[in-house]
Amino acid sequence: MLAVSWLFLALAVVTLLLGLSREGLFLIYVSIGSSVAATVALLAGLLRRPRPDGPF
């Protein structure tokens, strides 16, 4: 999940830079969505990680 989070973050940076350079509001919205997806993927990966003291 960490790798997926990094991919979403890279997509967010690229689309933000393209959106700012070409004045594309849609690309900025895609960047925001990618940032949210990266955060969700990172949190999901952290929550799914097994604890050292047991399964619960």
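**Close-up views of helices H1 and H2**

**View 1. The nonpolar surface patch.** Leu2, Trp6, Leu9, Val13, Leu17, Leu42, Leu43 and Leu46 make a nonpolar surface patch of about 790 Å². H1 and H2 are the elements that give two or more residues to this patch. The largest share, 5 residues, comes from H1. The model shown here and in the views below is predicted.

**View 2. Trp6, a member of the patch.** Trp6 is among the residues of the nonpolar patch, and its place is in helix H1. The relative accessibility of Trp6 is 56%, so Trp6 counts as exposed, the cut-off for that class being over 50%.

**View 3. Helix H1 along its length.** H1 has 20 residues, which at 1.5 Å a residue should span 28 Å. The C-alpha atoms at the ends of H1 are 29 Å apart, in agreement with that expectation. After H1 comes Glu23, which has a positive phi, near 55°.

View 4. Ser5, Ala12, Thr15 and Gly19 are the buried residues to look for in H1. They lie on the same side of H1, because the arc they cover around the axis is only 95°. The exposed residues Leu2, Ala3, Trp6, Leu7, Leu17 and Ser21 are on the other side of H1. What do the buried residues of H1 pack against? Their packing partner is H2.

**View 5. Helix H2 along its length.** H2 runs over residues 25-48 and has 24 residues. At 1.5 Å a residue, H2 should span 34 Å, and the distance of 35 Å between its end C-alpha atoms agrees.

**View 6. The buried residues of helix H2.** In H2, the buried residues are Ser31, Ser34, Ala38, Ala41 and Gly45. These residues pack against helix H1, residues 2-21. From the H1 side, the buried residues of H1 in turn pack against H2.

View 7. Ser34 lies in helix H2. Is Ser34 buried or exposed? Ser34 has a relative accessible area of 6% and is therefore buried, since the limit for that class is under 20%. With neighbours within four places in sequence left aside, Ser34 is in contact with Phe8, Leu11 and Ala12.

Notes. Residues numbered from 1 in each chain as written. Predicted model: local features only at pLDDT ≥ 70, side-chain atom pairs only at ≥ 80, totals over all residues. Heavy atoms only, no water. Helix = DSSP H or I, 4+ residues; strand = E, 2+ residues; numbered from the N terminus. Expected span 1.5 Å × (residues − 1). Buried < 20%, exposed > 50% of the residue type's maximum accessible area, 1.4 Å probe, protein only. Contact = heavy atoms within 4.5 Å. Patch = residues over 30% accessible without salt bridge, like charges linked within 9 Å, V, L, I, M, F, W, Y side chains within 5 Å. Areas by Shrake-Rupley, 256 points an atom, 1.4 Å probe, with all protein chains shown as cover. Salt bridge = Lys/Arg side-chain N within 4 Å of Asp/Glu carboxyl O. Arc of directions from axis to C-beta.
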